[in-house]
Amino acid sequence: MMTMTARRSRARLVLIPTITAVLLLACAPSTPAARPSAPSDVVAPTTPAQTGPTRVTFGINTDLTNLAGKLDTVAVTTAGNVEFLANAPLVVVDPQGRPQPRLATQLPSRDQGTWVVNADSTMTTTWSIRPNAVWHDGAPVTSQDFIFALRVYTDPAMAISDRDPERRMDRIDAVDDRTFTIYWKQAYPWANQLTLRQLEPLPMHVLGALYDGGDPQAFQNAAFWTSTDYVGVGPYRVSQWTKGAEMVFRAFDNYFLGRPKIDEIVARVGNDPNAVVATVLSGAVDLTVGFALGQQGAAVVKEKWQGTGEGAIVSTPTHTRYVNVQQDPTKAGLPALRDPRVRQALVLALDRAAIAEVVTAGAAGPADAMVSPIDPLFPRVQQTITRYPFDATRAMALLQDAGWTKRGDTVVDSGGNAFQLDLRTTATTADNVTQRNLMASSYAALGIQTSQSDSRIGSADQEFNANFTGLNAILTPIDVPKGLLSFVNDMCPRAANFWRGSNSGCWSNPDYERLIGTATTSLDDGARTDSLLQALKVMSDDVGIFTMSYNTENIPVRKGLFGPGPRWSAQGGTTWNIHEWTWQ
């Protein structure tokens, strides 16, 4: 096994080219000033904000395909940062994980009778909309906008990225213009916490006639979704959208929580890792959001800013890196991947600790499950699941049990055909590519031949992305247990669901589905916990997917900008409180 010293040496080797390129691209550092602000200093202002027009420019690593989250194909990690500008969910979650009403006046409560659980486990939750909430065109937000949204989000003809939790809802009835009741088909523990991308309203007065026209393609391809025509209810309205380059937003004067303090927000697209670091160091952007900077880029910026007073890095453990294994026989994948012994061997062949050391620049370690190390449940998870420490000898033994042998330096089947495996990832961040390269090296050392391919960004590429043949390495927010619904059979991307779905390897296990169903529906805390542990055990035994490492979101914030700070890991978007940001 690679020693820690060797891992750090490898990490330095990976970082050297990046640092060299950044030093060539970035401007010279400014004269040292006051000591850098600590991350906690970035959260709350202590002096009055500056007067006059203000602007914040932030970097994102990819453009959006849609301003409405449910119809967007970009992961919430990136898209949420823009969606929070134009939209407003009923509820947001603060950095401590506490739900707070946003568009809603208050959270439904069983004590107050606004959350009712029936004997048959069906439920109702009653919501009230803030009385001063209006759309960007000045029309009031009403109960009908939520009724209309549910129709769209549950319409099988619509290409919706995620139908949860709307698929659990039976209907919505209006109590009055500003109050509505959701009728739930089953118990749902988070029915009073409808956050980003969960039943966000749609302006029926703008879209209703188009939807009723009966042409799903015309509805989804309308200019409304991807231009300055967009009408949202958030703190900012889009005023310019240059595809692939930048989006410009202007403060909405009639935002229901008060006019935002920053007048203009510019979201600038850039996915070259060296260029992103250079824009931060040169001052071309005031911060980056999501994973635009990346782990290794953050290490470079932190080193350059040390002692200069230029800014601070706000770090939040938010994601798990994991790998989907293609198990759908209709997608021309490698038949051997449907054998759990082969999947186990593929995990054992990877020194995930060494890979994590390099990919995260030493910021995070390997992961055995999609549960954060700071989660109180973490020790019980580690005791329950099956773990796969690096063991190339055991990996080869499992492959031999499955009918594969070593011929020279190559793993082959009984017919002499080489074990060939395609490795796919989203290449918009350098960290993903680094991880893929290290995985390829590990498999080559075992005798497995690999090729490498990139996922594509865009609604037209969903079929391509779903039809990978080997392994697909991506990230997912740490959201236990709700996030584990991503791996049920219904989330397998197929033509019937427009090739959208988070279970891209199409793993299907009835025991897992039953257990995760209980873990996400029971109102009994103990029953949910027990079912979650057993579901994770099934996932690890069967290697439905496998985890690689934890991932930290690193946000470089320029000195003087107050507001960006840590966020709740399951809620995509550093900009969840952007209406409060201010310059000092």
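A residue counts as buried under 20% relative accessible area, as exposed over 50%, and as partly exposed in between, with a 1.4 Å probe and protein chains only. At 16% relative accessibility, Gln-382 is therefore buried. This is a predicted model, in which local features need pLDDT of at least 70 and side-chain atom pairs count only at pLDDT 80 or more, while totals for chains, interfaces and linings use all residues. Residues are numbered from 1 along each chain as its sequence is written, and side-chain values use heavy atoms, leaving out hydrogens and water.

**Gln-382**

Gln-382 sits in helix α10, residues 378–384. Helices (H or I, at least four residues) and strands (E, at least two) are DSSP runs, numbered from the N terminus. Contact means heavy atoms within 4.5 Å. Apart from neighbours within four places in sequence, Gln-382 contacts Asp-368 and Arg-387.

**The sheet**

Two strands pair if DSSP finds at least two bridges between them. Four strands make an open sheet, ordered β4-β5-β7-β6, with antiparallel pairing. β4 and β6 (169–176) are the edge strands, each pairing on one side only. From one strand to the next, the twist averages 15°. Strands of a sheet pair through backbone hydrogen bonds.

Strand β4 (residues 115–117) and strand β5 (residues 123–128) run antiparallel and are joined by three bridges. Trp-115 stands opposite Thr-125 of β5. The two strands β4 and β5 form a hairpin, with five residues between them. In that turn, Ser-121 has a positive phi of about 75°.

On to the next pair. Six bridges link β5 to strand β7 (residues 179–184), again in the antiparallel sense. Thr-124 has Tyr-183 of β7 as its bridge partner. For Thr-125, the partner in β7 is Ile-182.

Helix α3 (residues 143–153) lies across β6 and β7. α3 runs at about 165° to β6.

**Two helix pairs**

Axes are lines fitted to C-alpha atoms, for helices over the stretch in contact, and angles run from 0 to 180 degrees between N-to-C directions.

| Helix pair | Axes come within | Crossing angle |
|---|---|---|
| α8 (residues 340–348) and α11 (residues 392–401) | 8 Å | roughly 160° |
| α9 (residues 352–359) and α12 (residues 430–446) | 10 Å | roughly 150° |

Angles under 35 degrees count as roughly parallel, over 145 as roughly antiparallel, 65 to 115 as roughly perpendicular and the rest as oblique. The crossing angle therefore makes α8 roughly antiparallel to α11. Likewise, α9 is roughly antiparallel to α12.

A crossing is left-handed if the near helix is turned anticlockwise from the far one by less than a right angle, and right-handed if clockwise. α8 and α11 cross in the left-handed sense. α9 passes α12 in a right-handed crossing.

From α8, the contact with α11 uses Arg-341, Val-342, Gln-344, Ala-345 and Leu-348. From α11, Ala-392, Arg-394, Ala-395, Leu-398, Leu-399 and Asp-401 take part. For classes, Ala, Val, Leu, Ile, Met, Phe, Trp, Tyr, Cys and Pro count as nonpolar, Asp, Glu, Lys and Arg as charged, and the others, Gly among them, as polar. The α8 contact with α11 has seven nonpolar, one polar and three charged residues.

In the other pair, Ile-355, Val-358 and Val-359 of α9 meet Asp-431, Thr-434, Gln-435, Leu-438, Met-439 and Ser-442 of α12. That contact of α9 with α12 holds five nonpolar, three polar and one charged residue.

Helix α8 is mostly covered, with seven of its nine residues buried. Among them are Val-342, Arg-343 and Gln-344.
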